[in-house]
Amino acid sequence: MRDIVASQASAASVLQRFEIDLCSSAGQSLTQACSNLQLSVEQVLEKLEAAEADRNSAPPVDPASMSLEKLVQHIVRRHHQLVRHEIPRLAFLAHKLATKHGQRAPQLVPVDRLMEQLQQEMIAHIEKEENVLFPFIVHLDQHLGLALPPASSCFRSITQPIRMMMNEHETASSIIAELRTLTNGFTAPEWACANHVSFHTGLRAFEKDLKQHIYLEDDILFPRAVELEDSTGALSGL
C-alpha cells in the first residue's frame, strides 16, 4: 500500500473513499487491505486506474488554437478543480503530519504553515478568476468588435486584473519552491507512513500541474485576451 501511494498521486484519495486506513495498512498488499474490509480488489483497482487515467489525460493538442471561451472552460475543469480537490487534502495532511511528527521532523511545522498559506492564496485566486476575470474574457470572446465590458465588471481594462493574477501566480510558485526545499524535493523520509508518503507524492504532482496551469494562463490566455481587448478598442475607434 505504501508503494501504491508513492507511485500514484491520485491513489490516496481513492483508497480513503473506500475507508482504507493508509497508516495501519501501509505494509499490506492491496489484496490484504481489501480482504480485511471485505472489498472487491477488482473494483478498487478499477477506481485507481480510472483516477490515474483522468489525472494523466492529455492537455489540448494546441491550446493556442482554442477559442478563449474553450480555453477558459478547460482551465476551470482541469486545473481549478484540481486546486479545489487537492489543496484542502494536502493542507489537512500537512497539519496532521506536523502535529504527529513535528518533534521528529521539525521542518513539518513550517510546511504546515506554508500549506495553509497556499490553500488560502489559491482558493481566493481561482474564485477571483472565475467570478471576475474569466467572465470578462469570455465576454470579449463572444462579442468581437465590442470594446465595452460587461456591466458587472469593476474595471474597464483587462490589464489590471491580469497583472494581479500574474503576481499571485508568482506568490504560489514561491510557496511551492519553499515547500520543495523543506521536503528535500518532495521526498518522504524512510520512516514515513503511507499518509506521509502520499503527501509528498501529491505535492510533487500538484507542482507539475501548477506549472501547466500557470503556463496556460500567463503565456496563452492572458496575452490573447489583452490583444483582443486592444483590437476591439481600435475597431470601436474607427
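Buried means under 20% relative accessible area, exposed means over 50%, and partly exposed lies in between (1.4 Å probe, protein chains only). This is a predicted model, in which local features need pLDDT of at least 70 and side-chain atom pairs count only at pLDDT 80 or more, while totals for chains, interfaces and linings use all residues. Residues are numbered from 1 along each chain as its sequence is written, and side-chain values use heavy atoms, with hydrogens and water left out. The protein chain has eight helices and zero strands, and buried residues make up 47% of its 238 residues.

**Fold and helix H7**

- Helices (H or I, at least four residues) and strands (E, at least two) are DSSP runs, numbered from the N terminus.
- Read from the N terminus on, the elements run α-α-α-α-α-α-α-α.
- Helix H7 covers residues 159–182, and its 24 residues should span 34 Å at 1.5 Å a residue; the expected span is 1.5 Å times one less than the number of residues.
- The end C-alpha atoms of H7 are 35 Å apart, which agrees with that span.
- Buried residues in H7 include Pro-161, Ile-162, Met-165, Glu-168 and His-169.
- Ala-172, Ile-175, Ile-176 and Leu-179 are also buried in H7.
- The C-alpha atoms of Ala-177 and Glu-207 are separated by 8.9 Å, with the two residues 30 apart along the chain.

**Salt bridges**

- A salt bridge is a side-chain nitrogen of Lys or Arg within 4 Å of a carboxyl oxygen of Asp or Glu; the whole structure holds five salt bridges.
- Glu-127 and Arg-84 meet in a salt bridge through their side chains, at 3.2 Å from N to O.
- Glu-127 lies in helix H6 (residues 108–142) and Arg-84 in helix H5 (residues 68–101), so this pair ties together parts that are 43 residues apart in sequence.
- Glu-127 is partly exposed at 32% relative accessible area, and Arg-84 is partly exposed at 28%.
- A network of salt bridges links Arg-84, Glu-127 and Glu-130.
- Arg-89 and Glu-86 form a salt bridge at 2.9 Å, N to O; both lie in helix H5, three residues apart, about one turn of the helix.
- Arg-89 is buried at 11% relative accessible area, and Glu-86 is buried at 2%.
- Glu-207 and Arg-180 form a salt bridge at 2.7 Å, N to O.
- This pair links distant parts of the chain, with Glu-207 in helix H8 (residues 194–236) and Arg-180 in helix H7, 27 residues apart.
- Glu-207 is buried at 10% relative accessibility, whereas Arg-180 is partly exposed at 34%.

**Nonpolar core**

- A nonpolar core is a set of buried Ala, Val, Leu, Ile, Met, Phe, Trp, Tyr and Cys residues joined through side-chain atoms within 4.5 Å.
- The largest nonpolar core has 27 residues, of which Met-115, Leu-118, Ile-176, Leu-179, Phe-199, Leu-203 and Phe-206 touch the most other members.
- The elements that give two or more residues to this core are H5, H6, H7 and H8.
- H5 gives the most to this core, with nine residues.

**Cavity**

- On a 1 Å grid over the protein atoms alone, a cavity is a set of points where a 1.4 Å probe fits but cannot get out, and lining residues have an atom within 4 Å of a point.
- The whole structure holds one cavity of 30 Å³ or more.
- About 40 Å³ of space lies in the largest cavity; a volume is the space filled by probe spheres set on the points, which are joined across faces, edges and corners.
- Cys-23, Leu-93, Lys-96, Leu-97, Lys-100, Cys-193 and Asn-195 line the largest cavity.
- H5 gives the most to this lining, with four residues.

**Positive phi**

- Most residues other than glycine have a negative phi.
- Glu-19, not a glycine, has a positive phi of about 60°; Glu-19 lies in the loop between helix H2 (11–17) and helix H3 (30–36).
- Glu-19 is exposed, with a relative accessible area of 67%.
- Gln-38, not a glycine, has a positive phi of about 55°; Gln-38 lies in the loop between H3 and helix H4 (41–55).
- Gln-38 is exposed at 75% relative accessibility.

How values were computed. On a 1 Å grid over the protein atoms alone, a cavity is a set of points where a 1.4 Å probe fits but cannot get out, and a pocket is an open set with protein on both sides within 12 Å along at least five of seven lines; lining residues have an atom within 4 Å of a point.
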